[in-house]
Amino acid sequence: QKKDLKILKLLQKIIYRLNFKISGIIKIKNSLNEYFKLSDTLLLVYSMGKTGSSSVYYTLMRDFPFSNVIHVHFLSDYWYNWFSNQNKKNLKKDRNQILSDKAKKFIRKNKKLFSITIIRDPFSRSISDYFHSKREILSSLSDNQIIKEISESYYIQSNSIDWFEKDFNSFFNIDIYKMPFNTNKGWEVYKLGEERSILIIRIDVLTTSFKEAFFNLTGLNVNKLFITNRREDDNTLSERYKSFKSNYYESEESVNRKLSSKFVKHFFNKNQIQTLREKYTIS
């Protein structure tokens, strides 16, 4: 079953790409204009997993079908080495490592870089991550078992809280927490010299603000966001996912620890944090 799901997802990705290329050929004049504007540029979707980054990636693939667009979750040595340690036995590179190598090669080759990072609260991101990675065994697990496994997963918990410190800051050689972020607007563009610009946007404003934010980043227009890869839209997971998410909770100590993290305090305002506290603290 797991192999069949992988094949289906691969076929879906191939179909997406073929449709985008065909549409680009049909609209060849627009496609060529955009291609020449971005001929020396990499559009990089660089984000922790389960934040809506696939939707952004396929939006860019659709609207810039002949440009360089890459989707990657990790670029620092920290997670690259972590995956190496996990795969010592088979000596094969993890897919994340392969994508990281590819992205770094393109970054070295291209003069300009427009990078997009999507952020999501640590609770819903962790749930989505677990349901994605464990979908083949979910039916055999109780809600309490899933909650326990989420809380004990170093990979899930660390990515939900420490991704910027362990990956983003290291790769860009900056401290994002020393740079202002408009928590009410939900997105911000940062210029790193003449050749690199970064958009950071929260998932809760992604559908309403991505077009404006992307134009601010690049000076280019995109069409409506191409929504894909949502857990709640997956027929095999939908009901269980929605039910579990609506009843998910953590201890007060755990919730306080996450809500006092640099990540949450920087990208969410007091009202948003209080909403998360009320939603996810066990009553």
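**Note on helix packing, burial and aromatic contacts**

1. Tyr154, Ser158, Asn159 and Ile161 of helix 8 meet Trp163, Glu165 and Lys166 of helix 9. The structure is a predicted model, and the points below should be read accordingly.

2. As to geometry, helix 8 spans residues 154-161 and helix 9 spans residues 163-172. The two helices pack at an angle of about 65°, and their axes are 6 Å apart.

3. Ser126 belongs to helix 6, which covers residues 122-133. Its relative accessible area is 0%, so Ser126 is buried. The side chain of Ser126 makes a polar contact with the side chain of Ser160, at 2.7 Å. If neighbours within four places in sequence are left aside, the contacts of Ser126 are Ile150, Ile156, Gln157 and Ser160.

4. Helix 3 (residues 53-63) is largely enclosed by the rest of the structure, because 10 of its 11 residues are buried. The buried positions in helix 3 are Ser53, Ser54, Ser55, Val56, Tyr57, Tyr58, Thr59, Leu60, Met61 and Asp63.

5. Aromatic pairing deserves a separate point. With ring centres within 6.5 Å as the criterion for a pair, the count comes to 35 aromatic pairs. The pair of Phe74 and Phe83 has ring centres 5.5 Å apart and planes at 50°; this pair is therefore classed as tilted, since planes under 30 degrees apart would count as stacked and those over 60 as edge-to-face. Both partners can be assigned by accessibility: Phe74 counts as buried because its relative accessibility is 3%, and Phe83 is buried because its relative accessible area is 6%. The cut-off for that assignment is under 20% relative accessible area.

6. One aromatic cluster is formed by Tyr46, Trp163, Phe164, Phe168, Phe171, Phe172, Tyr177, Phe181, Phe263, Phe267 and Phe268.

7. Two lysines are placed over aromatic faces. Lys109 lies over the face of Phe106, at 4.5 Å from the ring centre. Lys185 lies over the face of Trp187, where the distance from the ring centre is 3.9 Å.

Key: Residues are numbered from 1 along each chain as its sequence is written. This is a predicted model: local features need pLDDT of at least 70, side-chain atom pairs count only at pLDDT 80 or more; totals for chains, interfaces and linings use all residues. Side-chain values use heavy atoms; hydrogens and water are left out. Helices (H or I, at least four residues) and strands (E, at least two) are DSSP runs, numbered from the N terminus. Buried means under 20% relative accessible area, exposed over 50%, partly exposed in between (1.4 Å probe, protein chains only). A polar contact is a pair of N or O atoms within 3.5 Å; within protein, one must be able to donate a hydrogen and the other to accept it, and residues adjacent in sequence count only if both atoms are side-chain atoms. Contact means heavy atoms within 4.5 Å. Rings of Phe, Tyr and Trp (its six-membered ring) pair if their centres lie within 6.5 Å; planes under 30 degrees apart count as stacked, over 60 as edge-to-face and the rest as tilted. A charge sits over a ring if NZ of Lys or CZ of Arg is within 6 Å of the ring centre and within 35 degrees of the ring normal. Axes are lines fitted to C-alpha atoms, for helices over the stretch in contact, and angles run from 0 to 180 degrees between N-to-C directions.
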